[in-house]
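Colleague: I have a few questions before I use this model. Can we go through them in turn?

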Amino acid sequence: MALDTTRNWSPDSGPVSLVRRLFTGQNIIIAAALLVVGYFTLVPLVFLIVGSLRTPQAAHQTAVWTLDNYVRAYTDPQTLQLFSTSMVFALGSAFLALGLGTLLAWITERTDTPARGLIFALSLIPLILPGILSTISWIFLLSPKIGLINAVVKALFNLSSPPFNAYSIGGMIWTEGLHLSPAAYLLMVATFKSMDPSLEESAQMCGARVWQTFYRITLKMAWPSIFSIFLISFVRSLEAFEVPAILGMPVGIHVFTSRIYEALHSWPADFGLAGAYAISLLAITSLGVYFYSRLTRQAHRYATVTGKGYKPAPMRLGQWKYATLAIVVLYFCFILVLPLFVLLWSAFQPFYSVPSLAGLKTLTLKNFTYVLTYPKVLHSFLNSLYLAGGAATVVVFLTAIVSWITVKSKIRGRWIFDNIAFLPLVFPGLIMGVSLMFVYLTLPIPIYGTIWILLVAYITRYLPYGMRYNSTSMVQLSNELEESAQVSGASWWRTFYSIILPLLKPGAVAAWIYIFVVSFRELSSTILLYSPGSEVLSVTIWEFWENGQYTALCALGVLMSIALLVVVLATQTVSRKVGVKE
Amino acid sequence: MYKGDDKIDMLVAGAKENKETELNLYTSMNLEDSTPLINTFTKWLDKNYKLKVEVNLWRSNSEKVLQRGIIEAQNGRFEVDAFETNSPELETLGRETVTTQFWTPSFKDFPDAARDPKGLWHATRYNFFTAGYNTNLVKPADVPKTYDDLLLPKWKGKMAIDSDDWDWFVTLVKQGPWGSEEKAMEFFRKLKEQDLQIRKGHTLISELVSSGEIPMAITIYNHNAERLKAKGAPIEWLPLEPVVARPNGVALAANAKNPYLGLMFIEFTLSKDGQEVLQGVGRVPSNPKASTSLNKGFKYINADPEALINEAKKWEALYHDTLVKK
């Protein structure tokens with residue numbers, strides 16, 4: 001009895017010390033990060049699920065609970081057919097993006113291929129170009145009727161019919177895969193940068209050939225990243241809209257997302273049905289994230305950055321470096337030079353047309369003066385700049401903490417946090433817009449009608465990307481660095497700030513740049529949520545597109561690419577001066 | 001509702017008494033065209049009525065204008081004073097009690113067909129669905145003269161149509177030149193056998209006609225074609241009769257904070273000054289006396305928004321099954 005009493009009063013137990021143990025700086029920060037991420041993502045999720053279980057609300061008809069949306073969505077005989085087309089398209093595009101991104105990243109980060117320094121900056125340009133434009137430029141290149149490549153190849157090899165067709169499942173996979181490849185490349189660059197190459201060097205010392213090293217060591221070490229990229233590309237192509245609408249629809253190739261689109265664009269907008277469809281995308285993604293978490297449960301197997309210093313030395317390829325250079329040049333021809341050529345050409349033309357000698361006479365600067373004097377264009381540009389910078393910074397920081405939790409902590413069920421942060425990837429942007437509208441018209445948080453609601457939307461939409469970038473770098477970090485900091489008496493926060501964040505830098509910088517770019521472009525939620533005063537550039541882009549002012553749009557695309565390059569170069573310069581040296 | 005000639009003076013007095021200094025407008029008209037309209041409106045108010053007013057313009061597509069209007073009203077948020085958008089959306093806003101009835105003196109210059117019989121909206125401009133072709137690819141002698149000419153074998157595989165034009169479709173099925181719905185449907189089924197290309201977006205279709213990717217488009221807006229033509233693109237629009245017209249119009253928010261200015265905006269848009277601005281930016285004004293070439297020389301019929309909305313699901317599905325589905 002006496003003993004028990006003493007135990008109760010010992011300093012290690014009792015309610016007071018329990019509180020003290022729970023409310024450490026570490027726990028508070030972790031809890032705050034989880035709360036914020038949970039709030040951002042679960043609110044639209046609840047909206048999506050509730051919406052999929054309700055009938056539409058109208059003035060003379062109140063909404064009631066129903067399962068009808070699911071019945072309609074999954075008893076439609078066409079659903080299966082659409083779904084299998086979607087799978088072929090998404091798998092094909094994801095493999096293409098992954099293959100290209102990985103190969104290119106390996107070339108730039110691990111070999112002594114000439115001019116590889118340029119590649120990083122160049123690979124960002126395709127990201128800023130509006131997806132609609134790059135898709136249309138492929139019509140101009142691969143259409144059987146007017147495609148430039150078809151015309152050239154046909155003439156060269158004396159063919160009787162055009163060899164390529166943009167309007168086919170192959171053409172769709174090609175366009176979408178290429179479109180996604182820069183994002184895959186960025187993610188792989190981050191991985192290679194934060195991966196100690198000593199194992200690869202040992203393999204080479206032992207006489208392994210370049211491709212053996214690549215296949216047996218590099219790829220295996222990068223496995224979590226590869227899976228991540230595959231997942232992200234797969235989900236993105238599954239919900240892609242532009243390529244199927246522009247290349248698939250004319251020849252009757254329909255995909256799953258066109259169903260969501262149709263449901264949202266009918267009268268009245270059928271949010272319930274769209275929600276029911278979106279839930280199945282959600283299920284597929286959750287499955288993917290679950291497998292990813294199984295994979296990274298043994299994160300230490302992939303950890304290469306340990307207490308030892310490392311400095312990646314590029315592999316010497318000898319004569320082969322010209323082969324890799326050729327691959328790089330060819331890639332940039334497809335992703336950048338050809339589409340950009342069409343784009344640049346159009347930017348100097350009075351109307352959109354296939355490049356030709358006759359067109360040389362009609363070159364004009366009018367599109368540029370038109371864009372620069374368009375109502376509110378500078379104001380919109382500045383708003384976009386603030387929002388993209390703000391969203392990128394918040395996301396990178398938040399996801400760094402959350403990815404620490406999912407990769408490094410031992411909290412049970414931590415993969416669920418990974419999944420939660422991944423959820424926004426599959427919300428149709430429009431549903432996200434509507435849900436945020438409802439939320440901030442109902443909650444007493446006065447951000448409706450201000451620019452802040454856009455910031456919330458962008459943070460929510462791009463959390464998944466921050467998560468992928470940071471978590472793949474986190475997997476590569478060995479626990480021993482953290483442990484030694486803690487042994488030396490550093491607090492969790494100090495360790496996180498001084499050890500982990502700097503080591504995450506390659507991934508975090510890539511994430512920042514990527515999120516900055518995609519926030520700049522975001523339209524599907526913006527178009528509903530912006531207000532007078534908070535106009536952004538993506539709305540101007542959309543406006544040009546809607547009005548058929550493609551040449552003005554091309555001119556704006558050119559100007560945006562230049563502005564983006566400046567931002568990226570500045571980011572790189574700043575990041576080189578902060579934190580660890582690369 | 002008061003319908004006297006001095007209504008404008010009453011509105012001006014009301015705006016002053018109510019201390020209305022800004023107008024909140026939701027529109028689907030692009031900025032390039034709506035900005036001159038707004039600028040002329042504020043100058044008109046200042047010059048004629050000594051009212052200094054700022055206009056907060058929110059521009060989006062017609063579906064979003066509808067969604068935002070409804071969601072805000074459902075949640076008791078009354079940001080908007082007036083709407084300017086497509087008539088089916090205006091009809092829906094009226095049904096959802098987001099907008100209310102109104103009358104202004106300029107109504108007298110328009111035929112009854114230019115406004116909603118329930119008094120919830122008034123047409124300001126028209127979108128005409130015309131055909132359009134590439135002038136390098138289609139010889140003058142081959143240009144079709146009637147809808148039925150589109151069924152000639154020479155057009156097989158050369159025509160495109162928009163994937164969402166079921167409002168055009170229903171109007172033609174009901175009021176087209178074929179005399180009965182069965183005969184009209186027979187025409188559309190044969191049209192389908194011409195291997196139509198299904199495209200999304202009227203402006204994209206117009207651009208693709210200019211570039212030579214599509215020789216003949218069945219549904220484009222003639223003001224789009226006219227703009228491209230003015231830039232030297234090889235495109236010409238073609239009114240196959242009867243041309244289907246879809247009105248765009250104005251409406252007054254039921255819970256407007258600035259109702260007097262909302263009505264002044266409506267009055268201005270329907271006035272001679274306002275209609276001239278619309279014509280000046282290449283739109284087709286709804287006033288039949290306006291001197292534009294875009295609504296002359298052909299017979300046109302209005303798409304009836306009320307019928308469209310009542311039977312939307314049915315016709316959307318029928319259009320999809322008849323023309324879009326492969």
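The questions below cover the interface between the chains and then one residue.

Colleague: What is the area buried between chain B and chain A?
Modeller: Bear in mind that this is a predicted model. In it, 51 residues of chain B are in contact with 56 residues of chain A. Carbon and sulfur atoms give 56% of the buried area. The total is about 4800 Å².

Colleague: Which residues form the salt bridge across the interface of chain B and chain A?
Modeller: The rule finds 1 salt bridge there.

Colleague: Which element supplies the largest share of the side of chain B that touches chain A?
Modeller: Polar contacts across this interface come to 16 residue pairs, both residues at pLDDT 80 or more. Several elements of chain B each supply at least two residues to that side, among them helix H2 (31–49), strand S2 (54–59) and helix H12 (312–324). The largest share is 8 residues, and it comes from H3(B).

Colleague: How many residues on that side of chain B are charged?
Modeller: The side divides by residue class. It has 15 nonpolar and 17 polar residues. The charged ones number 19.

Colleague: Is Thr269(B) buried or exposed?
Modeller: Thr269(B) lies in helix H9 (residues 259–270) of chain B. Beyond four places in sequence, Thr269(B) touches residues including Leu37(B), Thr124(B) and Leu278(B). Its relative accessibility is 0%, and the cut-off is under 20%, so Thr269(B) counts as buried.

Conventions. Residues numbered from 1 in each chain as written. Chains lettered and ligands numbered in written order. Predicted model: local features only at pLDDT ≥ 70, side-chain atom pairs only at ≥ 80, totals over all residues. Heavy atoms only, no water. Contact = heavy atoms within 4.5 Å. Buried area = accessible area lost by both parts, 1.4 Å probe. Salt bridge = Lys/Arg side-chain N within 4 Å of Asp/Glu carboxyl O. Polar contact = N/O pair within 3.5 Å; in protein donor to acceptor, adjacent residues only side chain to side chain. Helix = DSSP H or I, 4+ residues; strand = E, 2+ residues; numbered from the N terminus. Nonpolar A, V, L, I, M, F, W, Y, C, P; charged D, E, K, R; others polar. Buried < 20%, exposed > 50% of the residue type's maximum accessible area, 1.4 Å probe, protein only.
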